[in-house]
Amino acid sequence: MPLAMDRVVLVDGQVAAYCCLWLVAGEAQVQNLAVHPAFQRRGMGKFFLIQVLSQARAAGATRASLEVRDGNLAALYLYQSLGFCLEGRRPRYYQPEGKDALLLGRNL
Ligand SMILES: CC(C)(COP(=O)(O)OP(=O)(O)OC[C@H]1O[C@@H](n2cnc3c(N)ncnc32)[C@H](O)[C@@H]1OP(=O)(O)O)[C@@H](O)C(=O)NCCC(=O)NCCS
């Protein structure tokens, strides 16, 4: 049974970012991460994900994994900068555009 770890960043009472993560058998599965456009490119996403992964590690996770749409360069650069590596691919996963889902992972 997954344990959901959902986190938000509030700025002046408004949601500036959120992250949904599941803990499954020692793996932190990042379901979603988003930063409000008004707060992007300020380091919030990177800092936030570092904090969430740290909490997942403290809760017992030893690996992290996620899926990202091929071509989502902002997300891919962010994840690569945090040590995530390409581990697989689901061809044409995102419809109707037919983009692949890239499977990324790293040890915690
Ligand atoms: C992906 C996302 C969460 C990044 O959040 P952010 O707060 O803007 O990211 P940061 O400012 O922490 O950037 C960290 C690094 O990510 C990369 N990055 C972030 N946005 C980028 C962009 N638009 N273009 C290229 N690289 C980008 C850079 O390497 C950046 O480091 P740098 O600023 O030193 O160059 C944000 O763009 C977003 O919410 N996108 C829409 C939702 C989404 O696609 N989520 C991912 C689903 S898998």
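## What kinds of residues surround the ligand

In this predicted model, the shell around the ligand holds ten nonpolar, four polar and four charged residues. Altogether, 18 residues surround the ligand, and the closest are L33, V35, R41, G43 and G45.

## Where the ligand sits

Let's look at the site itself. The ligand is found in the largest pocket.

## Polar atoms facing the ligand

Now zoom in on the oxygen atoms of the ligand. A backbone N or O atom of V35 is 2.7 Å from a ligand oxygen, and V35 is also among the closest residues to the ligand. For R42, a backbone N or O atom lies 3.2 Å from an oxygen atom of the ligand. With Q40 the side chain takes part: one of its N or O atoms is 3.5 Å from a ligand oxygen.

How much of the ligand does the protein cover? On its own, the ligand has 910 Å² of accessible area, and the protein covers 70% of this.

## A look at S65

Is S65 buried or exposed? Its relative accessibility is 15%, so S65 counts as buried, since buried means under 20%. The side chain of S65 also makes a polar contact with the side chain of E27, at 2.8 Å.

Methods. Residues numbered from 1 in each chain as written. Predicted model: local features only at pLDDT ≥ 70, side-chain atom pairs only at ≥ 80, totals over all residues. Heavy atoms only, no water. Near = heavy atom within 4 Å. Polar contact = N/O pair within 3.5 Å; in protein donor to acceptor, adjacent residues only side chain to side chain. Areas by Shrake-Rupley, 256 points an atom, 1.4 Å probe, with all protein chains shown as cover. 1 Å grid on protein atoms, 1.4 Å probe; cavity = no way out; pocket = protein on both sides within 12 Å on 5 of 7 lines; lining within 4 Å. Sits in = over half its atoms within 2 Å of the grid points. Nonpolar A, V, L, I, M, F, W, Y, C, P; charged D, E, K, R; others polar. Buried < 20%, exposed > 50% of the residue type's maximum accessible area, 1.4 Å probe, protein only.
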